Amino acid sequence: MARTKQRPTILVPILGDQLTPGIASLRDRDPDETIVLMMELDEETTYVRHHKRKIAFILSAMRHHAERLRSLGWTVDYITLDDPDSSGSFTGEVARAIGRHDPERIVVTEAGEFRVAAMLDAWETIFGIPVEIRADDRFIATHAEFTAWAEGRKQWRMEYFYRDMRRKTGLLMEDDGKPVGGQWNFDSDNRKPAKRDLMMPRPLSFAPDMVTNDVLALVADRFADHPGKLDGFDFAVTAEDAMRQQTHFIQHALPGFGDYQDAMLTGEPWLWHSILSPYINCGLLDPLTLVQAVDTAYHAGTVPLNAAEGYIRQVIGWREFVRGIYWHEGPDYVNRNALNATRSLPGFYWTGDTDMHCLSQAIGQTLDHAYAHHIQRLMITGNFALLIGADPARVHEWYLEVYADAYEWVELPNTLGMSQFADGGLLASKPYASSGAYINRMSDYCRSCRYDVKQRIGDDACPFNALYWDFIDRNRDTLAANPRMGMPYRTFEKMSRQDQESTLEQATRFMKTLDGGKTAR
C-alpha cells in the first residue's frame, strides 16, 4: 500500500559551516513539517588533505549541533562518515534522503564556496522537485551590496569598504556620523613587539566529551596520512563553549590585542588573539553579536579604543571584504598568477623541519593546533612562499588544508590576493614581501635562529634577506611601476653591481637547497 503523507515535508540540508540554529533555511519552518539533513561526507573531508584537527573539530561540532537542534524540536536525519551505506557526496546523500522522506521541496541556505554552490544549483534539475536557496544573512554585506560598492572603483581597498560597514552597523560611531576617536583606523598604534609576560592571557581549553572522543578515534583511523596532530585536542565544539571562549577573550585578552596583534614570540601560539575564527566561520558564534560585545566593552571602559577598533576591523572589515571579492571575482580567481610563480612548496611546510626558526615556529604550531595568527600566516609562511616564487594555487591549497578556520571563501582571497599578490593588486596595494628585518622587529624568533638576521651574504646569512632582493629583481617588470614599491627599487639600484650579483647568487644557492629537498606536491 502506498504511503499517505499526513503533512507536507520540507527537506532542509544543513552544511558543516551552517551550525547556527537560526540559519535562514530553518527560519519560519514548522518543525513538524521539516526534516533536517546533516551529512558527514567523504568528499568534504578529502577534496584536500585537511588537518586532522580541523576534521575532528568540524565533525564534533556538527554532531553536537544535531543534538542541539533535536533539543529544540527538530527532526534530524544525520549521516555519519562511517555509515556503510553513505554515498560520500552531498548530492548522493540528498538523493537517499529524498527516497527516505519523499519531500515536497528542499530549502537550503546558500553555500559558502563555488564548488558546493554548483551542487546546490543542480539539485532541482537532478531531483525534479523545487529547491529554494536562501541567502546567508549571517554576513553584514549582501552580495548585491558589495557589487554596488565595487562598481566604478579603479581600486578596491578594504579601508573604504570597512568605513561603510561601520556606518551600516553603527559600531564605534558617534551620533553625528563620525568615528569614535576622530579617526577610522588605529592600526599605527597596533604594531608593538611583545615581551615575555607570566601574566599573558591564555584561551580556555575544553576537554573532549564522549562525542568528541568518538570523532577523534574515527579521524585518527581514517585520516592517518593527513597533516597535523590530534594530541591535546581542546576546541570548543558547542555554541555554549564557544561563547565562553568569546567572553573570556573580551575580558582577558582583548585589552592587549590592539598593541600586540602583530607580535610573535617563540613557544607562544596564542598571545592576545581571540582564537574565535573557527567558531565564527562554522556558525557556532555570530560575528555581529561578537563585535557588538566588543563595542560594548569599549564604551564600558574595559577595552582601549585601538584594541576594539582593530578587532572590529578584522571581523566587519577584512572578513566581509574578502567574502565580497571571492563571490564577485568568480571561480577563475583561483587560477590567477600575476607574478608567474611556479615553484613547489618545500616539504617542510608539512613537517616543520627547518632550521629557519621563524618558519619552524609558525609551521610547527600550525601542525600542532591547526592555528597560526594573521601575521604568522602573512609575514612568515606567506612571505617565504612569496619570496621563493611558490605557485599561488599550491600555497592556497596548503592554507586550506592546515587551518581550522579555513574555508575557501575566506582563505583564498587572503592567500592568493593579499599574501601572494597573485591577483595583481586587486586586494592589496603592494606585495607583503619583507626581509628578515621585519621578522626581527616584531618577534623574538631571530634570537634563537642559527642564521644571522643582520647578514645578507654568507653561510650564516638569514635566507629572507637575499630572497627579498631576488624577489624585487625578478619581478621588476611587474612591480617597478607600483608607487608603493619605489623605495626598494631605488635601494637596490644604489647597491654596487658586485653587491647585487652576490645577493642574487646567495638567493640562487639557497633555492637550490629547496629544490634538492622533498616536496609534497
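Which residues does Glu110 touch, not counting residues up to four places away in sequence? They are Gln18, Leu120, Ile133, Arg134, Ala135, Asp136, His143 and Arg323, a contact being heavy atoms within 4.5 Å.

The structure is a predicted model, in which local features need pLDDT of at least 70 and side-chain atom pairs count only at pLDDT 80 or more, while totals for chains, interfaces and linings use all residues. Residues are numbered from 1 along each chain as its sequence is written, and side-chain values use heavy atoms, with hydrogens and water left out. The predictor's confidence in each residue, pLDDT, runs from 0 to 100; its mean over the chain is 95, and 97% of the residues reach 70 or more. Over residues 517-521, pLDDT stays under 50, and the model has 14 contacts beyond four places in sequence for this stretch. Where pLDDT is low, the predicted coordinates should not be read in detail.

Glu110 is found in the loop between strand S4 (105-109) and helix H4 (114-127). Helices (H or I, at least four residues) and strands (E, at least two) are DSSP runs, numbered from the N terminus. The side chain of Glu110 reaches the backbone nitrogen of Asp136 at 2.7 Å.

Asn306 belongs to helix H11 (residues 305-329). Its side chain forms a polar contact of 3.0 Å with that of Asp259. Such a contact is a pair of N or O atoms within 3.5 Å; within protein, one must be able to donate a hydrogen and the other to accept it, and residues adjacent in sequence count only if both atoms are side-chain atoms. Beyond four places in sequence, Asn306 touches Phe186, Asp189, Asn190, Gly258 and Asp259.

The accessibility classes below are buried (under 20% relative accessible area), exposed (over 50%) and partly exposed in between, with a 1.4 Å probe and protein chains only.

| Residue | Class | Relative accessible area |
|---|---|---|
| Asn306 | buried | 11% |

Asp477 lies in helix H18 (residues 476-479). Asp477 and Phe321 are 156 residues apart in sequence and 29 Å apart in space, C-alpha to C-alpha.

The axes of helix H6 (residues 158-169) and H11 come within 9 Å and cross at roughly 110°. H6 is therefore roughly perpendicular to H11, a class that covers 65 to 115 degrees. Among the residues making this contact are Phe161 and Tyr162 of H6 and Ile312 and Phe321 of H11.

Conventions:
Axes fitted to C-alpha atoms, helices over the stretch in contact; angles between N-to-C directions. Parallel < 35°, antiparallel > 145°, perpendicular 65-115°, else oblique.
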